[in-house]
Amino acid sequence: MSALTREETQALIQEVLEVYPEKAKKDRAKHLAVNDPSVEQSKKCIISNRKSLPGVMTIRGCAYAGSKGVVWGPIKDMIHISHGPVGCGQYSRAGRRNYYVGHTGVNTFGTMNFTSDFQEKDIVFGGDKKLDKLITEIEGLFPLSKGLSIQSECPIGLIGDDIEAVAKKKSKELDKPIVPVRCEGFRGVSQSLGHHIANDSIRDWVIGNRDGDHAFQAGPYDVAVIGDYNIGGDAWSSRILLEEMGLRVVAQWSGDGTLSEMELTPKVKLNLIHCYRSMNYISRHMEEKYGIPWMEYNFFGPTKIAESLRRIAAFFDETIQANAERVIDKYRAEYEAVIAKYRPRLEGRRVMLYVGGLRPRHVIGAYEDLGMEVVGTGYEFAHNDDYDRTMKEMGNATLLYDDITGYEFEEFVKKVKPDLVGSGIKEKYIFQKMGIPFRQMHSWDYSGPYHGYDGFAIFARDMDMTINNPCWRTMQAPWQQSAEGEAQTMAASA
């Protein structure tokens with residue numbers, strides 16, 4: 001199917017909206033738009049960061065997921081307590097593949113589950129004493145942990161547990177940081193507020209702890225990598241390039257990050273943010289308090305990698321700038337070979353994306369490097385400043401969708417007929433059953449890394465492996481099979 005015109009895209013949106021009652025149609029229309037790269041502010045054409053409609057299937061997470069599952073959870077040498085019922089505590093089980101180095105259960109705890117396992121009596125009488133006891137037990141079992149965080153679930157805010165008082169008491173008693181995080185799931189409209197709350201807790205309880213520490217010898221090329229969660233090893237691939245440029249990565253968090261690195265971040269010369277949505281808050285704070293500049297960078301695909309390396313180098317002297325060019329030249333033959341191999345197999349293929357955080361816009365350049373076209377993209381929990389950035393990356397008249405419903409996503413895919421859908425685990429099996437190639441773009445479908453030049457080779461291989469898999473030619477969705485064909489299939493299997 002050829003690219004849609006602006007009129008056709010707008011007509012498609014109106015067609016999909018027709019199923020809703022008038023009030024819901026009016027609300028959802030604000031979240032669906034035809035892209036116009038010339039528009040300076042996305043709020044003129046699309047609305048975001050609003051409550052989802054009750055009763056409409058949404059793909060969002062909650063504030064607890066944003067804090068525990070994204071920002072705090074990957075800090076590897078701390079223990080993160082899910083304070084509340086075990087049902088929410090299942091999110092503690094590191095499902096995002098945040099790789100780390102260390103000995104699990106000794107000095108790293110990223111894949112371990114700690115929950116206060118609330119019961120009815122805890123709801124009635126409060127869980128402060130239980131939390132106090134739990135922290136004491138954890139210290140006895142895992143004395144090498146560098147600190148703890150308390151990630152509050154919904155009941156904690158409803159019954160009024162004073163986790164701050166417990167944290168202060170136990171921190172003094174154990175002589176290690178204990179950070180209370182008020183990230184109850186009912187707060188805000190999505191996991192985005194959980195990111196913000198987690199950033200604020202880092203600001204209030206961690207950043208500044210070593211302001212008077214002069215033992216650390218700062219250097220002229222010190223940087224911090226913030227908002228890279230090391231999915232499948234992403235942060236390691238990125239760090240290779242930065243260090244080859246001559247920069248010293250003093251802190252890297254949250255992926256494979258430590259409490260000490262977080263505390264040292266105010267001593268760097270530049271903060272580098274990969275996931276803008278989840279970590280811009282703490283970066284702005286450090287800019288205001290410490291005067292540390294920050295910039296967003298993109299290490300997906302050789303075009304964006306080169307642009308980012310040059311932008312990063314521009315903050316430093318001519319030595320670093322020359323080194324950046326040498327790094328780009330060093331990997332040129334490698335990434336050109338990848339493009340030469342896979343672009344002929346992927347040229348002209350069309351992609352629709354729906355993810356959270358940075359990916360709906362950051363991966364566009366990597367697809368374009370392979371000759372592919374992103375024909376629709378959207379976010380689960382974006383704010384309008386995310387769409388401000390995204391609209392510049394997208395072509396004219398392409399689809400933009402915010403907090404898209406399951407029904408809308410399926411209908412758009414049926415009409416646009418992309419060659420690939422990149423979204424999350426909730427959508428994966430729906431589209432695969434429809435016979436549409438799919439990549440799980442939250443955690444790289446158990447592959448990766450995708451960042452850096454090394455990651456680009458894996459990214460290209462995975463897209464080719466998915467789209468050009470011969471299985472799609474033999475598949476037909478069950479509801480598309482004729483009654484006669486279905487009868488023959490049943491008879492053959494009898």
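What is the volume of the second largest pocket?

Author: In this predicted model, the second largest pocket has a volume of about 250 Å³. Its lining is made up of Glu 296, Tyr 297, Asn 298, Lys 304, Glu 307, Ser 308, Arg 311, Arg 361, His 362, Arg 389 and Glu 393. Three elements, α13 (302-313), α15 (359-362) and α17 (384-393), each give two or more residues to that lining, and the largest share, 4 residues, belongs to α13. Sorted by class, the lining of this pocket holds 7 charged residues, 3 polar ones and 1 nonpolar one. As for where it sits, the pocket lies between domain 1 (1-60 + 345-494) and domain 3 (222-327), because both of them give residues to its lining.

A search of the whole structure finds 3 cavities of 30 Å³ or more, and the largest cavity has a volume of about 70 Å³. The residues that line the largest cavity are Gly 227, Asp 228, Tyr 229, Asn 230, Ile 231, Asp 234, His 274, Phe 300, Leu 358, Arg 359, Trp 444 and His 451. Domain 1 (1-60 + 345-494) and domain 3 (222-327) each supply at least three residues to this lining, and these two domains are also the ones between which the second largest pocket lies. By class, the lining of the largest cavity consists of 5 nonpolar, 4 polar and 3 charged residues.

Asn 230 belongs to the loop between β6 (222-228) and α10 (234-244).

The second largest cavity has a volume of about 50 Å³, and the residues lining it are Arg 28, Ser 52, Leu 53, Val 56, Met 57, Thr 58, Asp 403 and Thr 405. In the lining of this second largest cavity there are 3 nonpolar, 3 polar and 2 charged residues.

The bond from Trp 253 to Ser 254 is cis, with omega near 20°, and Ser 254 is part of strand β7 (residues 248-254). The bond from Gly 448 to Pro 449 is likewise cis, with omega near 0°, and Pro 449 is placed in the loop between β14 (438-440) and α20 (452-467).

Finally, helix α18 (residues 406-416) takes part in two helix pairs that can be described together. With helix α1 (residues 6-17), the axes come within 10 Å and cross at roughly 135°, so α1 and α18 are oblique to each other, and their crossing is right-handed. With helix α19 (residues 425-433), α18 packs at an angle of about 40°, the axes being 12 Å apart; α18 and α19 are therefore oblique to each other as well, and α18 passes α19 in a right-handed crossing.

Conventions:
Residues numbered from 1 in each chain as written. Predicted model: local features only at pLDDT ≥ 70, side-chain atom pairs only at ≥ 80, totals over all residues. Heavy atoms only, no water. 1 Å grid on protein atoms, 1.4 Å probe; cavity = no way out; pocket = protein on both sides within 12 Å on 5 of 7 lines; lining within 4 Å. Points joined across faces, edges and corners; volume = space filled by probe spheres on them. Nonpolar A, V, L, I, M, F, W, Y, C, P; charged D, E, K, R; others polar. Domains from an automatic or database assignment. Axes fitted to C-alpha atoms, helices over the stretch in contact; angles between N-to-C directions. Parallel < 35°, antiparallel > 145°, perpendicular 65-115°, else oblique. Left-handed = near helix turned anticlockwise from the far one by under 90°.
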